[in-house]
Amino acid sequence: LADGQPYNVATFTITFNDEKNYVHVQFFNALTIETANSFFKALAPFHDPEPDSILDFSEASLGSFTTENLKEIVSNRAKLTDRHHIKVALVAPKDLEFGFMRMYHSLASEEVPQDRKTFRSTTEAVAWIEESNPPKR
């Protein structure tokens, strides 16, 4: 995928920032566990080398998610051991989604050892990701 060219799937887009070496995933609409599983498959092309990630739920709804869904995501995510060393910024400006992201953070903290933070704004998330990813020369 070319820098800045989104990879579109029905409920999310993945945009790679080649200069700063991170992916920005924007989720849309009501998400399901199936969406989460297709996301992990779509992320596969980015596994070498592994970039940091911004997972942006600003335009998404997690109203149909359950704690069991989050546990399944953590379990699936724990199997991707090559992604354990990266930074992940979770963006959720709405209260329900923010709560789910904090719950994911808590559930994943032992099984998925990565540097992860939850933010209310994309601007804050981008700043945090970019602080450790200087531009390529």
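## A walk through the fold and its side-chain contacts

The charged end of R120 sits over the ring of F98, 3.9 Å from its centre; a charge counts as sitting over a ring if NZ of Lys or CZ of Arg is within 6 Å of the ring centre and within 35 degrees of the ring normal. Before going further, please note that this is a predicted model, in which local features need pLDDT of at least 70 and side-chain atom pairs count only at pLDDT 80 or more, while totals for chains, interfaces and linings use all residues. Residues are numbered from 1 along each chain as its sequence is written, and side-chain values use heavy atoms, with hydrogens and water left out.

Let us start with the overall layout. The protein has four helices and six strands, where helices (H or I, at least four residues) and strands (E, at least two) are DSSP runs numbered from the N terminus. Reading from the N terminus, the order of elements is β-β-β-α-β-α-β-α-β-α. Of the 137 residues in the protein, 47% are buried; buried means under 20% relative accessible area, exposed means over 50%, and partly exposed lies in between (1.4 Å probe, protein chains only). Contacts are heavy atoms within 4.5 Å. Among contacts between residues at least 6 apart in sequence, 74% join residues at least 24 apart.

The next stop is a pair of strands. β2 and β3 run antiparallel and are joined by six bridges; two strands pair if DSSP finds at least two bridges between them. In this pairing, I14 stands opposite V25 in β3. The two strands make a hairpin with four residues between them, and N21 in the turn has a positive phi of about 55°.

A search of the whole structure finds four of them, a salt bridge being a side-chain nitrogen of Lys or Arg within 4 Å of a carboxyl oxygen of Asp or Glu. One of them joins K20 to E130, with the closest N and O atoms 3.9 Å apart. This pair links distant parts of the chain: K20 is in the loop between β2 (12–17) and β3 (22–30), E130 is in helix α4 (residues 122–130), and 110 residues separate them. K20 counts as buried at 16% relative accessibility, whereas E130 counts as partly exposed at 25%.

Another salt bridge joins E131 and K87 (3.8 Å, N to O). Here too distant parts of the chain are linked, with E131 in the segment after α4 and K87 in strand β5 (residues 87–91), 44 residues apart. K87 is buried, with a relative accessible area of 9%, while E131 counts as exposed at 58%.

K71 is partly exposed, at 40% relative accessible area, and E68 is exposed, at 53%.

Now turn to helix α3 (residues 95–111). Its 17 residues should span 24 Å at 1.5 Å a residue, and its end C-alpha atoms are 25 Å apart, which agrees; the expected span is 1.5 Å times one less than the number of residues. The buried residues of α3 are E97, F98, F100, M101, Y104 and A108. Among the elements covering them are β4 (52–61), α2, β5 and β6 (115–119).

Finally, the aromatic side chains. The whole structure holds four aromatic pairs, where rings of Phe, Tyr and Trp (its six-membered ring) pair if their centres lie within 6.5 Å, and planes under 30 degrees apart count as stacked, over 60 as edge-to-face and the rest as tilted. The rings of F65 and F100 have centres 6.4 Å apart and planes at 75°, so they are edge-to-face. F65 lies in the loop between β4 and α2, and F100 in helix α3, 35 residues apart. F65 is buried at 9% relative accessible area, and F100 is buried at 10%. The rings of F119 and W128 have centres 5.7 Å apart and planes at 50°, so this pair is tilted. Both F119 and W128 are buried. Elsewhere, F12, F27 and F57 form one aromatic cluster.
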